[in-house]
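Dear colleague,

Please find below the structure I promised to pass on, followed by my notes on what turned up when I went through it.

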Amino acid sequence: MENSYVLHLSDHNFNDLYLCLCGYSKCEPLHSFGPAVRPNYILHYILEGKGRYHAGDVQYALQAGQGFLIEPNVQTFYQADEKEPWTYLWIGFHGDKAGEYLRSIGLSSGHLTYRSSHSSELKQIVFNMLKNNTSSPTDQFFMQSLLYSFFAVLARDISAFPTSRTDGDNLYIRRALEYIHNNYSNTIHVADIAAYVCIDRSYLYTLFRRNLGVSPQDYLTNCRITCAAELLTVSELPISGVALSCGYQDPLVFSKAFKQKKGITPSQYRRKYRDDAKDQRMHWKEDLEEL
């Protein structure tokens, strides 16, 4: 048995992500749900007590401060502890990008459980959802903002429990590469990359060497020099401008790094490859005119 407050929603004006239901439950000892299959995603978060969660053949023992993901069309079962039954809240949701948004914070079929230290905020969000239960346009937009707020709070310090080390490594690598490709033109450092993916520098170094064969610093430098080579070939930017565009505040530092990677200075590279690039563009233009 459980004492519950539940809200079901049937109308939605959003496609990427939308709320289907939410609730709060204080369970009696050994209260259980399932085995059952749900049509949408559900995130549970445990406020007090403990219990166990079964997804397929895998069982998780969970307690306050932890949570679990239920995926659509997957048979699951969960049960409160006999001596310390849990109190939890949940949100159910779906949408074209629901799975993608979950993966962005580290949750997927291989990462079904998590931790968060922001229980009071998560509880307040769900209570606000339960209080705003009309279908007015104002409430629909407000509920949508609460749903994104729930994800934002989880994303602060969510800690997924990977079923395999490789899956966890790949997640960190993907996030690190995303950060580098989006920010290499700024004055970022390896410490910034490590902070973005929430791991220490030494572990980031180990992951890069293991998965990519280079250090984070080498990867960042290669990314910058590749961009610089293209700018030197196709743009009229001065060397100092190319340096700034690729994250180097000092043109001398840029020139030294460029020569180390390419074997020649930026000016020599520009002179050597600009004519070739012009000839190639001329051939493309002629080919296009013949079509």
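Helices (H or I, at least four residues) and strands (E, at least two) are DSSP runs, numbered from the N terminus. The buried residues of H2 are Leu122, Ile125, Val126, Asn128, Met129 and Leu130, where buried means under 20% relative accessible area, exposed over 50% and partly exposed in between (1.4 Å probe, protein chains only).

Please keep in mind that this is a predicted model, in which local features need pLDDT of at least 70 and side-chain atom pairs count only at pLDDT 80 or more, while totals for chains, interfaces and linings use all residues. Residues are numbered from 1 along each chain as its sequence is written, and side-chain values use heavy atoms, with hydrogens and water left out.

The structure holds two salt bridges, each being a side-chain nitrogen of Lys or Arg within 4 Å of a carboxyl oxygen of Asp or Glu. In one of them, Glu121 and Arg156 meet with N and O 2.7 Å apart; this pair links helix H2 to helix H3 (residues 137-157), across 35 residues of sequence. Glu121 is partly exposed at 31% relative accessibility, and Arg156 is partly exposed at 44%. Glu84 forms a salt bridge with Lys50, with the closest N and O atoms 3.6 Å apart. Glu84 lies in the loop between strands E8 (75-80) and E9 (87-94) and Lys50 in strand E5 (residues 50-55), so the pair ties together parts that are 34 residues apart in sequence.

Arg224, in helix H7 (residues 216-234), is buried yet has no salt bridge, the nearest side chain of opposite charge being that of Asp192, 7.6 Å away (Lys and Arg count as positive, Asp and Glu as negative; His and the chain ends are not counted). A polar atom of the Arg224 side chain does, however, lie 2.9 Å from the backbone oxygen of Tyr184.

As for aromatic residues, rings of Phe, Tyr and Trp (its six-membered ring) pair if their centres lie within 6.5 Å, with planes under 30 degrees apart counted as stacked, over 60 as edge-to-face and the rest as tilted. By this rule there are 20 aromatic pairs. The ring centres of Phe208 and Tyr219 are 6.0 Å apart and their planes at 75 degrees, so this pair is edge-to-face.

Technical notes
A polar contact is a pair of N or O atoms within 3.5 Å; within protein, one must be able to donate a hydrogen and the other to accept it, and residues adjacent in sequence count only if both atoms are side-chain atoms.
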